Amino acid sequence: MTTHHLHKLIWMSRPLMQAAEACVEAGLEDTALTVRMRAVLEILRQHGDQTVPDIAARLEIKRQYVQLMVNETLSGGFVAQRVNPRHKRSPLITLTEQGSALIERIILQELALMQEIGGSFRAEDIATALDVVQAVTSKLKDLSGGTK
């Protein structure tokens, strides 16, 4: 391991995320979704009904910001609120049929794009890259004392 390569890997995360976000945004052109609305739908698709604080914890961003994201998805009809039996003041956010169908279609499009992009990479190399990024992320979070 060279220190310089690890440093470069960490700092490549920003241009990687910017490029990924641009691709996601381009894939949302005909959907009435923003990238942040898509993030809410993806969390609900993956984890089921969630409260705003649950979504915020999964996205590792502030609850107040997630509330704005959820409000956008609510007004678009992609999610709905339902009573939370565990907490009266924190409703559960659930995908509507429209939201569920849309996020499924988007995920399928993105997986097709990943197939195209990743076709020249070996599965072992992708798995190693994922392991390294997850380990570095975990160590940096430990060093910084948190997740946000």
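A salt bridge is a side-chain nitrogen of Lys or Arg within 4 Å of a carboxyl oxygen of Asp or Glu. By this rule the chain has eight salt bridges. Keep that rule in mind for the tour. One caution before you click: this is a predicted model.

**Stop 1: the whole chain**

Show the chain as a cartoon. Count seven helices and two strands. Now trace the sequence from its start. The pattern reads α-α-α-α-α-β-β-α-α. Along its principal axes, the C-alpha trace spans about 50 × 35 × 20 Å.

Switch to a surface view. The chain exposes about 10500 Å², and carbon and sulfur atoms supply 59% of that. Buried residues make up 25% of the 148 residues. Next, think about contacts between residues at least 6 apart in sequence. Of these, 51% join residues at least 24 apart.

**Stop 2: the core**

Go back to the cartoon. Select Leu33, Leu41, Leu44, Ile55, Val66, Val70 and Ile93 and show their side chains. The largest nonpolar core has 23 residues, and these seven touch the most other members. Which elements each supply at least two residues of this core? They are α3 (35–47), α4 (52–59), α5 (63–75), β2 (92–95) and α6. Helix α3 gives the largest share, six residues.

Zoom in on Leu44. Leave out residues up to four places away in sequence. Leu44 then touches Asp49, Gln50, Ile55, Val79, Ile93, Thr94 and Leu95.

**Stop 3**

Select Asp30 and Arg105. Their side chains meet in a salt bridge, with N to O at 3.8 Å. This pair links distant parts of the chain: Asp30 sits in the loop between α2 (13–27) and α3, Arg105 sits in helix α6, and they are 75 residues apart. Is Asp30 buried or exposed? Asp30 is exposed, because its relative accessible area is 60% and the cut-off for exposed is over 50%. Arg105 has 35% relative accessibility, so Arg105 counts as partly exposed.

Next, select Arg36 and Glu72. Their closest N and O atoms are 2.5 Å apart, and the pair forms a salt bridge. Arg36 lies in helix α3 and Glu72 in helix α5, 36 residues apart, so this pair too links distant parts of the chain. Both ends are partly exposed: Arg36 has 27% relative accessibility, and Glu72 has a relative accessible area of 24%.

Now select Arg38 and Glu110. Their side chains meet in a salt bridge at 2.5 Å, N to O. Arg38 is in helix α3 and Glu110 is in helix α6, 72 residues apart. Salt bridges that share partners join Arg38, Glu42 and Glu110 into one network. Check the cover around Arg38. Its relative accessible area is 7%, so Arg38 is buried, as buried means under 20%.

**Stop 4**

Turn to the backbone. Most residues other than glycine have a negative phi. Select Ala32, in the loop between α2 and α3. Phi of Ala32 is near 70°, a positive value in a residue other than glycine. Ala32 counts as exposed, because its relative accessibility is 65%.

Jump to Glu60, in the loop between α4 and α5. Phi of Glu60 is near 60°, again positive in a residue other than glycine. With a relative accessible area of 30%, Glu60 is partly exposed.

**Stop 5: the end of the chain's helices**

Select helix α7, residues 123–144. How far apart should the ends of α7 be? The helix has 22 residues, and at 1.5 Å a residue they should span 32 Å. The end C-alpha atoms are 32 Å apart, so expectation and model agree. Step just past α7 to Gly145. Gly145 takes a positive phi of about 85°.

**Stop 6: a nonpolar surface patch**

Finish on the surface. Select Met114, Ile117, Phe121 and Ile126. They form a nonpolar patch with about 400 Å² of accessible area together. Met114 is found in helix α6 (residues 97–118). With a relative accessible area of 45%, Met114 is partly exposed.

Conventions:
Residues are numbered from 1 along each chain as its sequence is written. This is a predicted model: local features need pLDDT of at least 70, side-chain atom pairs count only at pLDDT 80 or more; totals for chains, interfaces and linings use all residues. Side-chain values use heavy atoms; hydrogens and water are left out. Patches are made of residues with over 30% relative accessible area and no salt bridge: like charges are joined within 9 Å, nonpolar side chains (Val, Leu, Ile, Met, Phe, Trp, Tyr) within 5 Å. Accessible areas come from the Shrake-Rupley method with a 1.4 Å probe; for residues, only the protein chains shown count as cover. Helices (H or I, at least four residues) and strands (E, at least two) are DSSP runs, numbered from the N terminus. Buried means under 20% relative accessible area, exposed over 50%, partly exposed in between (1.4 Å probe, protein chains only). The expected span of a helix is 1.5 Å times one less than its number of residues. A nonpolar core is a set of buried Ala, Val, Leu, Ile, Met, Phe, Trp, Tyr and Cys residues joined through side-chain atoms within 4.5 Å. Contact means heavy atoms within 4.5 Å.
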